[in-house]
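Here are my notes for you on this model. Please keep the structure open while you read them.

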Amino acid sequence: MILKVFNVLLDAGPTVMLPLIIFVIGLIFRVKPAKAFRSGLIVGIGFAGIKLVINLLATNLGPAAQDMVKNFGIKLDVLDVGWGAIAAVTWSSPIIAILIFVILLSNIVLLILKKTNTLDVDIWNYHHMAIVGIMTYFVTKNVVLGVSATVAMAVITFKMSDWTEHLVKDYFGLPGVSLPTVSALSSLVIAVPLNMLLDRIPGINKVKFDIKDAKKYLGFFGEPMIMGLILGGVIGALAKYDITKILGIAVNMAAVMVLIPKMTSLFMEGLMPISEAAKKFTKEKFKGRKFLIGLDAAVVVGNTEVITTSLIVIPLTIALAVVLPGNRVLPFADLAVVPFRVALVVALTRGNLIKNIIMGLACTGAILLAGTKTAPVMTELAKSTGIDLSMAGGALISSFAATSLTVSFIVFEVFTGNVVITVPIFIAAFVAIWFYIEVIKKKKDAQKVLQSEEKSPVLE
């Protein structure tokens, strides 16, 4: 009965499920029912608006990007069929109910033990964590390993959400929110060390160019809507569309640049009363314990810098697919979701466009290689669940989701390898990273703050 109720909510989609969850959370944090209901409804409306604009992006940018691929005559034998097809594979698995339960249980246990602050209400995107366990089970035929792989994904996701909360708050202006969306978080595994490397390369570490600079130096052409117009027109031209279609894509990309921030502000209007109530409640009952509401990364992908970076990275990713040694994946259906893959990269660099492009390409390159490596398993798994693969024309399939994502790929390799060796090494590495971020790095950051305060003049 519980599973049936859950499936009804799941079938309704996040636009219905999110307001309901926000309403319940509001009641838990002692918000008046009418106010909690209003907040949930506004959040739902904001999210619906964000989805509409993202669909506008996908329906225009997706086909244009696919036509670019055809025009370039790229011949690769693993087709990117899109995250939607992979999600269908995930929800068709016989062990999906078990995996959804263990993800939810993992979140609750970590919250009780005070090992995470993230309360993940983004249940729809649980499929990103579940697919790793499903693929592990498909390869090993071992339910324990499958469940363990999903638990590992859940723990990593919730901790990475905690560790990146400052990016969401400081750069995107969403306090009290974290983003437990694997497709967004995963890029940071490559972006963080690469960012540190770029900061040490003479010349590159001095280059700082963002949208504000574009406005400053380019004037009229640096306006976000004008940049969207130009970049949309370029992609339409590369797709070899006629002038009518080119202008249509150009105007729609300009619209995306303008509309998404407005939808995000509406989303925040609904979320703020819940956030304030949560702060007050936790201060009274849990001695200042902080809780973060875990949301879909869709709430940040409309950022102007994120969209601009994506519009540049998409055609470059197609070119990269041709020249990258070892790659067999043909970027196709998931080109439209590149904004999700680069969103936190943009926040990490504080909108530095040059670094965003370099790091964005590194992240998509890693996705292509991981997708190539896991394509045979993904193809066989999809066939076993009865998913229609006619779109692939007999080729292997992959996507920019599932085990193509860097974190997911690492966990999948660990739990399908020689687990006696790989699992202990993996656990030791993750614990070391956890200890560094939450103990050593915190001490270093506190010392820096203290030193800066000592250097500051004292005003009497």
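This is a predicted model: local features need pLDDT of at least 70, side-chain atom pairs count only at pLDDT 80 or more; totals for chains, interfaces and linings use all residues.

The numbered points below go from the whole chain down to single residues.

1. Now the overall make-up. The chain has 18 helices and six strands. It holds 460 residues, and 52% of them count as buried.

2. Next, the inside. In soluble globular proteins, nonpolar side chains tend to be buried together. Here the largest nonpolar core has 128 residues. Six of its members touch the most other members: Met129, Ile131, Ile134, Phe172, Val411 and Phe415. Helix α7 (residues 143-163) gives this core its largest share, eleven residues.

3. What does isoleucine 131 touch, not counting residues up to four places away in sequence? The answer is Ile86, Val89, Thr90, Met378, Leu381 and Ala402.

4. Now turn to the surface. Phe101, Leu104, Leu105, Ile108, Val109, Ile112 and Leu113 make a nonpolar surface patch of about 660 Å². Phenylalanine 101 sits in helix α5 (residues 96-112). Is phenylalanine 101 buried or exposed? Its relative accessible area is 52%, so it counts as exposed. The cut-off for exposed is over 50%. As background, an α-helix has 3.6 residues a turn, so residues three or four places apart point the same way.

5. Check aspartate 120, in strand β2 (residues 118-120). This aspartate is buried, yet it has no salt bridge. The nearest side chain of opposite charge belongs to lysine 159, 14 Å away. A salt bridge needs the nitrogen and oxygen within 4 Å. What does aspartate 120 contact, leaving aside its neighbours within four places in sequence? Its contacts are Asn107, Tyr126, Met129, Phe158, Pro180 and Gly294. Met129 is also on the list of core residues that touch the most other members.

6. On to charge pairs. Side chains of opposite charge can pair when their charged atoms come close. The count of salt bridges comes to seven. One of them joins arginine 328 and aspartate 77, at 2.7 Å from N to O. Arginine 328 lies in the loop between α14 (304-323) and β5 (329-330), and aspartate 77 in the loop between α3 (33-72) and β1 (78-80), so this pair ties together parts 251 residues apart in sequence. Both partners are partly exposed: arginine 328 at 34% relative accessibility, aspartate 77 at 38%.

7. Another salt bridge joins glutamate 165 and lysine 290, at 3.2 Å from N to O. Glutamate 165 is in helix α8 (residues 165-170), while lysine 290 is in the loop between α13 and β4 (292-294); the two are 125 residues apart. Which partner is buried? Glutamate 165 is, at 10% relative accessibility. Lysine 290 is partly exposed, with a relative accessible area of 40%.

8. A further salt bridge links glutamate 413 with lysine 373, their closest N and O atoms being 3.5 Å apart. Glutamate 413 lies in helix α17 (residues 406-416) and lysine 373 in helix α16, so the pair ties together parts 40 residues apart in sequence. Glutamate 413 is partly exposed, at 27% relative accessible area. Elsewhere, salt bridges that share partners join Lys159, Asp162 and Glu438 into one network.

9. Most residues other than glycine have a negative phi. Lysine 141 has a positive phi, near 60 degrees. Lysine 240 also has a positive phi, of about 60 degrees. Where do they lie? Lysine 141 is in the loop between α6 (127-140) and α7. Lysine 240 is in the loop between α12 (224-238) and α13 (243-285). Lysine 141 is exposed, with a relative accessible area of 60%, and lysine 240 is exposed at 63%.

Terms used
Residues are numbered from 1 along each chain as its sequence is written. Side-chain values use heavy atoms; hydrogens and water are left out. Patches are made of residues with over 30% relative accessible area and no salt bridge: like charges are joined within 9 Å, nonpolar side chains (Val, Leu, Ile, Met, Phe, Trp, Tyr) within 5 Å. Accessible areas come from the Shrake-Rupley method with a 1.4 Å probe; for residues, only the protein chains shown count as cover. Helices (H or I, at least four residues) and strands (E, at least two) are DSSP runs, numbered from the N terminus. Buried means under 20% relative accessible area, exposed over 50%, partly exposed in between (1.4 Å probe, protein chains only). Lys and Arg count as positive and Asp and Glu as negative; His and the chain ends are not counted. Contact means heavy atoms within 4.5 Å. A nonpolar core is a set of buried Ala, Val, Leu, Ile, Met, Phe, Trp, Tyr and Cys residues joined through side-chain atoms within 4.5 Å.
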